[in-house]
Amino acid sequence: MLGFFVVALDAQIVNVALPEIRNDLGGGLSGLQWIVTGYTLMFSALQLFSGTFSDRAGARRAYGLGMVLFTAASLACGFSPSLPVLIAGRILQGIGAAMITPSSLALIREAYQDAASRGRAIVYWGLGGSVAAAAGPVLGGVLTQFDWRLIFFVNLPVGAAALMVLSRVAPSPRRPAPFDWLGQITAVLALASLTYGIIEGAEVGYGSPEILTLFAVCAASAAAFVLAQARGRHPMVPLDLFRSRTVSTALAIAVVTMAAFYGVVFLQSLYFQQQRGATALEAGLLFLPMTGLVAVLNPLAARLMARFGNVAMIAAGQLLMALGLAGLWLLPADAPALLVALVMVPVGVGGSFTVPPIIALVMDHVPAQNAGTASGVINTARQVGGSLGVAIYGALLAGHDFMDGLRLGLGTTAVVLLILIAASLRLRHAEAPRPQT
């Protein structure tokens, strides 16, 4: 929980501090973008590597190394004398965050052998991210009023607490095996070029030569990665993992769900500020009904998963998200801002009810020794989905009037989610039996 909290917090808390950072350290728009991009790029690109490293070195050791690196990088960011040093610190933070996330899920897989108990633990793991999403923009706004450097120093006590708790965790089993260097390099290259292309394409256009080149590099690297996994003696991601219809369907649902959630956050942020004239802090407060209720209701998901099962929760979460998206699509452009904020609530709650059972379903279908790799695959799917959602919605806004593009994105996503509900329900046969109560 502490690891996922601090990783998610740093993805949220920095945005509202960017103007103050520019006033203090200088730099243009590109430099400010790299403060955000440097973190998200490394976090996305290294998920698969970190998952396999967790399996080979042991989840406890991987988590500890990631948390030490993340905390040290936060300290460096807080004392940064210049913008390049701050960006370098953010890149190191992203590397540490990428090591923390898969290994934290692998620790849960090791600690809880019973599927129901493991599902509850994953829900509480997700609670850390939900609290961070709710607190990040507001906490960042408050701390920036005193000094923007405090947004990085706040990570230090959290990191110290996490390492103290980790010291009481039993050593994790290790799976010594040669590293698949070709797979590692091609995976990082594919994910980095895809993420960077999506981020930069929103600024320079997705048809520009440099963005098309990045996507070509991504496609070639992805093909080389699949070939390396198929023919390698020690593949980093066994392709048997994807031969399971349960795992493949769950990963597809994760991509679409995260695309819908991050896409809505992106669209509604622009809507509140560009169409309704809200400030950045006001926009952050308008997200509180959605993010705050998610944090409050998150523990309820554990009880519902135990009672109704993972598949039913996934379908119900998708239905809630679709209803919320349809509600936003039907609202007039001049609807009261508070009403819009309330209609966004089902999107957030549906997403929070969907992600934990997806993770639990996948973790139930992989052996414990591959838990780190599986969690790396899951988190890669979530990160790619979030990036694709922002890119697709951004392209729709660029090609249409703002409200027309917004409604087209919301309506299309609602339809896709409804279609995926049918695919979700077909997984009921693969679900672990629930204990009788």
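**Exercise 1.** Determine whether Ser104 is buried or exposed, and find what Ser104 is in contact with.

*Solution.* Ser104 has a relative accessible area of 7%. Buried means under 20%, exposed over 50%, and partly exposed in between (1.4 Å probe, protein chains only). Ser104 is therefore buried. Leaving aside neighbours within four places in sequence, Ser104 is in contact (heavy atoms within 4.5 Å) with Tyr63 and Trp125.

This is a predicted model, in which local features need pLDDT of at least 70, side-chain atom pairs count only at pLDDT 80 or more, and totals for chains, interfaces and linings use all residues. Residues are numbered from 1 along each chain as its sequence is written, and side-chain values use heavy atoms, with hydrogens and water left out.

**Exercise 2.** Classify Leu139 by relative accessible area and list its contacts beyond neighbours within four places in sequence.

*Solution.* Leu139 is found in helix α7, residues 115–146. The relative accessible area of Leu139 is 28%, so Leu139 is partly exposed. Leu9 lies 130 residues from Leu139 along the chain, yet their C-alpha atoms are separated by 9.5 Å.

**Exercise 3.** State where α7 bends and which proline follows.

*Solution.* The bend at a residue is the angle between axes fitted to the seven residues ending there and the seven starting there. For α7 this angle is about 45° at Ala135. Pro137 follows within four residues.

**Exercise 4.** Classify Met164 by relative accessible area.

*Solution.* Met164 is found in helix α9, residues 155–166. At a relative accessible area of 56%, Met164 is exposed.

Conventions
Helices (H or I, at least four residues) and strands (E, at least two) are DSSP runs, numbered from the N terminus.
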